[in-house]
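Hi,

Here is the structure I promised to pass on. Have a look at it first, and then read my notes below.

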Amino acid sequence: MTRVNPRESSRSHPSQKLGLAKAQLRQVRVDQEQLSGDQARTLEELYEAKALLTVRLCESFQRRVSRGEQPSNIASRALISTEELWLMLSGSYEVPDNGWLSRTSVSLLALDPDRNIRDLRKLLDNLQEASVRYENIQRAKHIMERRATEAEDAVKAATVEVAEMEMINTQEGPKASDTRASSTIIPDVVGHERKPDPLTAQNSKELIYLLRNYYDWSGRPSFRDMKNRVPDGPSYSTYRNVLRSNSLPKRLKTLDAFIRALGGNSQDVQDWATAWRSFVPPA
């Protein structure tokens, strides 16, 4: 799992801190998804172990009932209550740690002429092991949920820092060598972010879809306004072609200008460049 050094992060530029925070959050999401899969598999193992044990005990119970014994008498001879008998046979119990299940099931099976205590012990062990695995995954999920909350908070805090830095840069005015967009995007309220994240794309089609969403999210400026915002960028018709095309721009410079023309900040440009490199083969 990717971990961020707090001291190193505190010395980073806001955009770098945001990139690190996003990377950590993505890794936590991946770990959460893996844990969810492990949880589903382990829960299935738990149900299977419980079902096999229940079937074995029900078979023993049914043989004795077929010989005319009453459930209350079966429970009494097994030194358990009738309530315990029905609870055990229905499988509606939680797997206990106090030996109740082992005691009651062995007592019931011990009266069966066809008993196989060794087989029963194996079923009980399998059930207990499955229960322990499931509980461990449950604890791991709780820990991962806390990490996810911490990672989300870090992303929000870094987003605020980037927005504040952009505001400071805007107030200071553009320098002669600064070719960033003259109009920056109004950021979302913290906790209600709607900005498309290109790093979530799994293929080029998804990235194209997110690029169009980014245009919508930025306020859908005219292509001529986009051209005016980035004097060193391509023609306004190129911006139009990028938006309408079913393929990604072949040149990173075109994508860079497109994002800056929409008011994207330095972190946005870096995120989109990283995603673009994932799906466009080098020339």
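H2 and H11 are oblique to each other, a label for angles that are not under 35 degrees (roughly parallel), over 145 (roughly antiparallel) or 65 to 115 (roughly perpendicular). The axes of H2 (residues 14-66) and H11 (residues 266-279) cross at roughly 45 degrees and come within 9 Å. Axes here are lines fitted to C-alpha atoms over the stretch in contact, with angles running from 0 to 180 degrees between N-to-C directions. The crossing of H2 and H11 is right-handed, meaning the near helix is turned clockwise from the far one by less than a right angle.

On the H2 side, the contact (heavy atoms within 4.5 Å) is made by Ser15, Gln16, Leu18, Gly19 and Lys22, and on the H11 side by Ser266, Gln267 and Asp271. Those residues split into one nonpolar, five polar and two charged. Here Ala, Val, Leu, Ile, Met, Phe, Trp, Tyr, Cys and Pro count as nonpolar, Asp, Glu, Lys and Arg as charged, and the others, Gly among them, as polar.

**Before you go further**

This is a predicted model, where local features need pLDDT of at least 70 and side-chain atom pairs pLDDT 80 or more, while totals for chains, interfaces and linings use all residues. Residues are numbered from 1 along each chain as its sequence is written, and side-chain values use heavy atoms, leaving out hydrogens and water.

**The whole chain**

You'll find eleven helices and zero strands; these are DSSP runs numbered from the N terminus, helices being H or I with at least four residues and strands E with at least two. Of the 283 residues, 38% are buried, that is, under 20% relative accessible area with a 1.4 Å probe and protein chains only, where over 50% is exposed and in between is partly exposed. Among contacts with a separation of 6 or more, 67% link residues 24 or more positions apart.

**An enclosed helix**

What about H10 (residues 252-261)? Seven of its ten residues are buried, so H10 is largely enclosed by the rest of the structure. The buried ones are Thr254, Leu255, Ala257, Phe258, Ile259, Arg260 and Ala261, and they pack against H7 (204-217), H8 (223-229), H9 (236-244) and H11. After H10 comes Gly263, with a positive phi near 90 degrees.

**One more residue**

Glu145 sits in H6 (residues 117-172) and is partly exposed, at 41% relative accessible area. Its C-alpha atom is 8.7 Å from that of Val28, although Glu145 and Val28 are 117 residues apart along the chain.

Cheers
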